[in-house]
Amino acid sequence: MQPLAQAEALLQQWLLGLGPVEAAGWAVLLNLAQVLACVVGGWALQRPWPDRRIAPAPPALTVAEVQTTALTVLGSAAITWLGWWAFCMGWIVVVPTSGPLRAVGDAVGLLLTMDAALYAGHRMAHWGPLFGRVHALHHRYSLVRPLTLFVVHPAEVLGFGGLWLGVLALWQPCWSGMIAYLMLNGIWGTLGHFGMELLPGGPALLTGGRHHADHHRYPHGNFGFYTNLWDRLLGSRLPRPER
Ligand SMILES: [Zn+2]
Ligand SMILES: [Zn+2]
């Protein structure tokens, strides 16, 4: 763990040494890089398996989708900046990785905690008045592409970000576990929005590409993000439509 501990110490030192404007610049760059990674990664995964498509291809990209994505990058950057500031103030604590077990435990624990919280938040977002004002924007796109992951109302960006910062402040994860969770979140989001199922039949308890793609086409079910556990327990799992 020696090189990892050194890398984590360097990262921590670098973060604490940043000024507010510098941190804002890095926050925008980081979130822009995430959008690019998800879009390019999703596109690269689509190419070798055109027969794995489980929903019709989306219509041509619109200016509105690009504009909303730009807003999402700015909103996410604001949350990243707030996380950096809370870290500098000692309100968010991220500890050195003590071993692989701690890293895996943190990543899985964060995933399951956020899964439960996001399921609750997503169901609330489908409540009449809230749906029309906020979440309907994401559901304008019934046929998804990787970029659709970022085409969400700014209130949802801030809601997700606020939830994440709250969980972080309470959890105090290690660096590796936290970074692993953030990467898995990006991968899951991309898989849920690229209109394909890489594992035919789908994974048992995890949401594959079909789960969220079906939610876009039939928005009355499949509210889960990383697992279908809460959809199964609370009876909101969609039957798998024949195609
Ligand atoms: Zn979606
Ligand atoms: Zn929804």
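Along the chain, the donor residues of the zinc ion that is ligand 1 are spaced H-x54-H-x18-H-x3-H, where a donor is an N, O or S atom within 2.8 Å of the metal (3.2 Å for Na, K and Ca), with water not among the atoms, so that sites may look incomplete. Before I go on, this is a predicted model, in which local features need pLDDT of at least 70 and side-chain atom pairs count only at pLDDT 80 or more, while totals for chains, interfaces and linings use all residues. Residues are numbered from 1 along each chain as its sequence is written, chains are lettered from A and ligands numbered from 1 in the order in which they are written, and side-chain values use heavy atoms, with hydrogens and water left out.

The donors of ligand 1 are the NE2 atoms of His138, His193, His212 and His216, at 1.9 to 2.1 Å from the zinc ion. The four donor atoms subtend angles of 97 to 146° around this zinc ion, and therefore the arrangement is irregular; by the rule used here, four donors count as tetrahedral if all angles lie between 85 and 135 degrees, four count as square planar and six as octahedral if opposite donors are over 155 degrees apart and all others between 65 and 115, and anything else is irregular. His138 belongs to helix 5 (residues 128–139) and His212 to helix 8 (residues 209–217), so this pair ties together parts that are 74 residues apart in sequence; helices (H or I, at least four residues) and strands (E, at least two) are DSSP runs, numbered from the N terminus. His138 is buried, at a relative accessible area of 4%, and His212 is buried as well, at 10%, where buried means under 20% relative accessible area, exposed over 50%, and partly exposed in between, with a 1.4 Å probe and protein chains only.

Which helices do the buried residues of helix 8 pack against? They pack against helix 4, helix 5, helix 7 (175–192) and helix 9 (229–233). Eight of the nine residues of helix 8 are buried, so this helix is largely enclosed by the rest of the structure, and the buried residues include His212, His215 and His216.

Next, the salt bridges, of which the structure holds two, a salt bridge being a side-chain nitrogen of Lys or Arg within 4 Å of a carboxyl oxygen of Asp or Glu. One joins Glu65 and Arg145, with the closest N and O atoms 3.1 Å apart. Glu65 lies in helix 3 and Arg145 in the loop between helix 5 and helix 6 (154–171), so the pair ties together parts that are 80 residues apart in sequence, and both Glu65 and Arg145 are buried. Another salt bridge is formed by the side chains of Asp106 and Arg102, at 2.9 Å from N to O, and these two residues both lie in helix 4, four residues apart, about one turn of the helix. An α-helix has 3.6 residues a turn, so residues three or four places apart point the same way. Asp106 is buried, at 5% relative accessible area, whereas Arg102 is partly exposed, at 31%.

On the surface, Leu82, Trp85, Met89 and Trp91 form a nonpolar patch, with about 430 Å² of accessible area together. Trp91, in the loop between helix 3 (63–89) and helix 4 (100–125), is exposed, with a relative accessible area of 53%. Patches are made of residues with over 30% relative accessible area and no salt bridge, like charges being joined within 9 Å and nonpolar side chains (Val, Leu, Ile, Met, Phe, Trp, Tyr) within 5 Å; the areas come from the Shrake-Rupley method with a 1.4 Å probe, and for residues only the protein chains shown count as cover.

Finally, two backbone angles. Most residues other than glycine have a negative phi. Gln172, in the loop between helix 6 and helix 7, has a phi near 55°, which is positive, and Gln172 is partly exposed at 35% relative accessible area. Asn222, in the loop between helix 8 and helix 9, has a positive phi near 60°, and Asn222 is buried, with a relative accessible area of 3%.

How values were computed. Contact = heavy atoms within 4.5 Å.
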